[in-house]
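Subject: Handover of a structure and notes on it

Dear colleague,

Please find below the structure that I am passing to you. My notes on it follow directly.

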Amino acid sequence: MRQRRIRVQWPWRVERTEFDAAERRLDLHLDFEPGGTFDCPSCGRGGCKAHDASGKRWRHLDFFQHRAYLHARVPRVRCPACGVKQAKVPWSEPGSGFTLWFEALVVALAREMPVRAVARLVGEHDTRLWRLLKRRVGEARADVDFSGVRAVAVDETACRRGHDYITLFADLDRSRLLYATPGRDASVVHRFREDLEARGGRAEEIRDLCMDMSAAYMKGAREAFPEAGITFDRFHVQRSHWPPRAACWARRFRAARGTAREDEVRQGLPALTVLLAPRTLLLGRLPRSVL
């Protein structure tokens, strides 16, 4: 049953298990059958016999509230064509200290929360998790095709407290993230163009760029994507027009109620209390002619 749970197949077997309730830990020890053969990790040739072996350990999915680890002697195999190479194990990637199931859990959690929070949750240092994620992201992006990208959205977000920002580029037609890079100046747009063209995309085929009203982004867009049209996102356009509209509405609202101060009437300055009023109150009682 233990072998089926972790999908161990010949020549591997579960040799023994150790459970420590006080330490909240479960250790599964695996080994390969004497005389077992393996595939060459370089050329894939089968039937290679073990040359020697060394012990390794991998973090596995927790067993309820207990940490679980796999231990195994990993053989080096002798291939007639490639020489002596370390064999691959079916439950982990070469060089990783985690099983495939544990890595899948970390990747799923990292999509929903910060990596530091994931590290606290699973009880691992975030540096190890960042190495795992960078490797997995690199593998996923190796075969990405950007040849069909035509419309791109650009925006920045804070990557940590303070003023450390990253810029995100997204495919508007397919709702997918294309590229993320530190910074929010004009150079980030040039870096995105290099990444786009490295994955089959063409800068001259980008017809639309949607962004905020950042002068740096506009400068980079004109230089890197001169053929693309620039569209400002609705949020920033509305925000830029809201203050003068709010000031006008506030003056007319207070004038309609007869509560405008003398200095407001004379100078046309809105009252802060009106600007902070709920939108339903601000708009609901205005004369229709004002709206």
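**The hairpin and its surroundings**

Asp52 stands opposite Arg76 in strand β5. The model is predicted, with local features requiring pLDDT of at least 70 and side-chain atom pairs pLDDT 80 or more, whereas totals for chains, interfaces and linings use all residues. Residues are numbered from 1 along each chain as its sequence is written, and side-chain values use heavy atoms, with hydrogens and water left out.

Strand β5 covers residues 66–79 and runs antiparallel to β4, to which 11 bridges join it. Strands are DSSP runs of E with at least two residues, helices are runs of H or I with at least four, and both are numbered from the N terminus. Two strands count as paired if DSSP finds at least two bridges between them. Strand β4 (residues 48–63) also pairs with β3 (residues 37–38), in the antiparallel sense and over two bridges. Here Thr37 has Lys49 of β4 as its bridge partner.

What lies between β4 and β5 in their hairpin? Two residues separate the strands, and Phe64 adopts a positive phi near 55° in this hairpin. Phe64 is exposed, at a relative accessible area of 70%; buried means under 20%, exposed over 50%, and partly exposed in between (1.4 Å probe, protein chains only). Phe63, which belongs to strand β4, is partly exposed at 40%.

Together with Phe19, Phe63 and Phe64 make a nonpolar surface patch of about 380 Å². Such patches consist of residues with over 30% relative accessible area and no salt bridge, where nonpolar side chains (Val, Leu, Ile, Met, Phe, Trp, Tyr) are joined within 5 Å and like charges within 9 Å. The areas come from the Shrake-Rupley method with a 1.4 Å probe, and for residues only the protein chains shown count as cover.

**Backbone points to check**

Most residues other than glycine have a negative phi, and most peptide bonds are trans. Arg24 sits in the loop between β1 and β2 (25–32) and is partly exposed, with a relative accessible area of 47%. The peptide bond from Trp10 to Pro11 is cis, with omega near 10°. Pro11 is placed in the loop between α1 (2–5) and β1 (12–20).

That loop also holds Val8, which is buried at 8% relative accessible area. Val8 and Pro90 are 82 residues apart along the chain, yet their C-alpha atoms are separated by 7.6 Å.

**The five-stranded sheet**

Which order do the strands of the open sheet follow? The five strands are arranged as β9-β8-β7-β10-β11, with mixed pairing. At the edges stand β9 (176–182) and β11 (229–232), each with a single partner strand, so one side of each has no neighbour in the sheet. From one strand to the next, the twist averages 25°. Strands β7 (residues 151–160) and β10 (residues 208–211) run parallel and are joined by three bridges, with Asp208 in β10 as the bridge partner of Ala151.

Helix α5 (residues 187–198) lies across β7, β8 (164–171) and β9, running at about 130° to β9. For such a placement, contact means heavy atoms within 4.5 Å. Axes are lines fitted to C-alpha atoms, for helices over the stretch in contact, and angles run from 0 to 180 degrees between N-to-C directions.

**Salt bridges**

The structure holds 26 salt bridges, each defined as a side-chain nitrogen of Lys or Arg within 4 Å of a carboxyl oxygen of Asp or Glu.

- Arg184 and Glu156 form a salt bridge of 3.9 Å, N to O. Arg184 is in the loop between β9 and α5 and Glu156 in strand β7, so the pair ties together parts that are 28 residues apart in sequence. Arg184 is partly exposed at 39%, as is Glu156 at 23%.
- Glu124 and Arg128 meet at 3.0 Å, N to O. Glu124 is buried, at 13%, whereas Arg128 is partly exposed, at 30%.
- Lys219 and Glu223 have their closest N and O atoms 2.8 Å apart. Both lie in helix α6 (residues 215–224), four residues apart, about one turn of the helix. Lys219 is partly exposed at 45%, and Glu223 is partly exposed at 40%.

With kind regards
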